[in-house]
Amino acid sequence: DRAAKRKRADRKAARPDKGRPYDEIWCVFDCDQHPLIPEALQQAVDNGIGVAYSVPCIELWFLLHFEDEHGHLERGAAQGRSKALLSSGKRLDRGDVTTLAERYEDAKARAIALDVKHEDDGSPAHTNPSSTMWRLIDESSEHELGRVKRQGHTGCSFLGEGRARVA
């Protein structure tokens, strides 16, 4: 709901001489134990907001940079394994970001393979384990490449509360 309100406010605030405040608005979340995920996903789609999520938690996305995941994964187990692989746990430091960036293509391939697995075995969408974080990263990268070509600079800033913008 906050993302939809933000998008409407940004659209109102945009003036022809200033351009749009953001290229896109995305909601980034993990499933944890939130009961309203289907409603949140539908509201995002209805408002043209991108969605990137991880089930059961963001740590799954981190794990996919290192190893395959195939079966149901408990949040606590994912968090523990992620913390063992990354030096800073959920709040990534520069070294962790570098490590994850170097392994990004592997993580993306593993996440896509999970989607295919769920589809093949008839599991519903967003089944544990799954992650679409790669979609946000790919989308941000496409905007960055276009911006570099147009303006000759880069910059990607991640804002609090799951909002991301490319600047």
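Colleague: In which sense do E2 and E3 pair?

Modeller: Keep in mind that this is a predicted model. Strands count as paired once there are at least two bridges between them. Here E2 and E3 run antiparallel to each other, over 2 bridges. For a residue-level view, look at Ser54: its opposite number in E3 is Ser131.

Colleague: What is the order of the strands in the sheet?

Modeller: It's E1-E2-E3, an open sheet of 3 strands with mixed pairing.

Colleague: Now the peptide bonds. Which residues does a cis bond join?

Modeller: The general idea is that most peptide bonds are trans. One exception to look at is the cis bond joining Val55 and Pro56, with omega about 15°. Pro56 sits in the loop between strand E2 (50–55) and helix H3 (58–63). Asn128 and Pro129 are also joined by a cis bond, with omega about -5°. You'll find Pro129 in the loop between helix H6 (104–120) and strand E3 (130–131).

Colleague: And how many disulfides does the structure hold?

Modeller: The count is 0. A disulfide would need two cysteine sulfur atoms within 2.5 Å.

Colleague: Is Cys57 buried or exposed?

Modeller: The cut-off for buried is under 20% relative accessible area. Cys57 has 0%, so it's buried. Cys27 comes in at 23%, so it counts as partly exposed.

Notes: Residues are numbered from 1 along each chain as its sequence is written. This is a predicted model: local features need pLDDT of at least 70, side-chain atom pairs count only at pLDDT 80 or more; totals for chains, interfaces and linings use all residues. Side-chain values use heavy atoms; hydrogens and water are left out. Buried means under 20% relative accessible area, exposed over 50%, partly exposed in between (1.4 Å probe, protein chains only). Helices (H or I, at least four residues) and strands (E, at least two) are DSSP runs, numbered from the N terminus.
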